[in-house]
Amino acid sequence: MSRIAIKICGLSTPDTVGAAVRAGAAYLGFVHFAKSPRHVEAEQIRALAAPVPPHVGRVAVVVDPTDDMLAQLAAAGALTALQLHGKESPERAAAIRARFGLPVWKAIAVKARGDIAAADAYAGAVDRLLFDAKTPDGAALPGGMGLRFDWTLLRGVAVATPWGLSGGLSADNIAEAIRVTGAPLVDVSSGVESAPGVKDVDKIAAFCKAVAAC
Ligand SMILES: O=C(O)c1ccccc1N[C@@H]1O[C@H](COP(=O)(O)O)[C@@H](O)[C@H]1O
């Protein structure tokens with residue numbers, strides 16, 4: 001297994017969950033956001049996660065969630081972390097972590113250097129930051145659109161919180177992304193799909209192999 005942790009996100013079928021586990025993913029992501037082509041209900045997450053070995057993390061991706069929504073997800077009992085991918089403040093993120101007792105990841109939408117500096121406000125409030133490309137104003141999704149940002153913005157930046165890189169990653173560009181950013185964790189969704197929401201087992205394997213070679 002690579003020293004760089006891999007999260008395969010937007011999984012919705014047992015075969016692609018199995019492919020991600022076999023390929024060495026450290027984390028599996030399940031998107032719970034109705035507008036997403038990757039949306040899965042809490043009960044589906046529970047069923048998909050049931051055969052996953054305990055050393056593989058199961059992360060629910062949510063966008064500005066209500067407490068009721070989070071309670072439903074947490075009650076399914078399959079999750080090891082919550083990924084907040086909306087406009088959640090540091091205070092809201094900390095409150096979610098305290099209330100639901102799960103590690104919280106916070107996606108930071110990046111377009112310019114200031115966006116990375118703004119992530120400092122989450123220190124102590126969350127367990128991991130995920131630097132992702134900012135999607136255009138009015139876009140249907142705040143992530144999962146295969147968009148990348150200027151990775152050089154992360155060069156030489158000291159991030160106090162454990163962090164990861166996402167946004168437009170694929171087997172073709174992951175070596176460069178890791179070289180430029182030094183990311184300890186990489187997160188991919190669109191880059192291992194044959195169409196929006198349709199994961200491809202061969203692309204999952206190719207992505208993990210490319211990371212392992214770094
Ligand atoms: O994947 C989605 O549909 C999604 C919906 C809402 C919020 C986040 C979403 N995906 C996350 O976006 C990043 C980057 O995805 P991509 O590789 O650029 O397609 C990834 O972390 C997903 O978790």
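## The annotated span

In this predicted model, the end C-alpha atoms of residues 6–209 lie 11 Å apart. The span is 30% helix and 22% strand. Helices (H or I, at least four residues) and strands (E, at least two) are DSSP runs, numbered from the N terminus. UniProt lists residues 6–209 as "domain: N-(5'phosphoribosyl) anthranilate isomerase (PRAI)", in an unreviewed entry. UniProt positions follow the numbering used here, feature names are shortened, and annotations may be inferred rather than shown by experiment.

Residues are numbered from 1 along each chain as its sequence is written. The model is predicted: local features need pLDDT of at least 70, side-chain atom pairs count only at pLDDT 80 or more, and totals for chains, interfaces and linings use all residues.

Strand 6 is mostly covered, with 5 of its 6 residues buried. Buried means that 20 or more other C-beta atoms, placed from the backbone, lie within 10 Å of the residue's own.

Strand 6 pairs with strand 5 (residues 104–110) in the parallel sense, over 6 bridges. Two strands pair if DSSP finds at least two bridges between them. Trp105 stands opposite Arg128 in strand 6. Strand 6 also pairs with strand 7 (residues 163–166), again parallel, over 3 bridges. Here Phe131 has Leu165 of strand 7 as its bridge partner.

Conventions: Buried ≥ 20, exposed ≤ 12 C-beta atoms within 10 Å, placed from the backbone.
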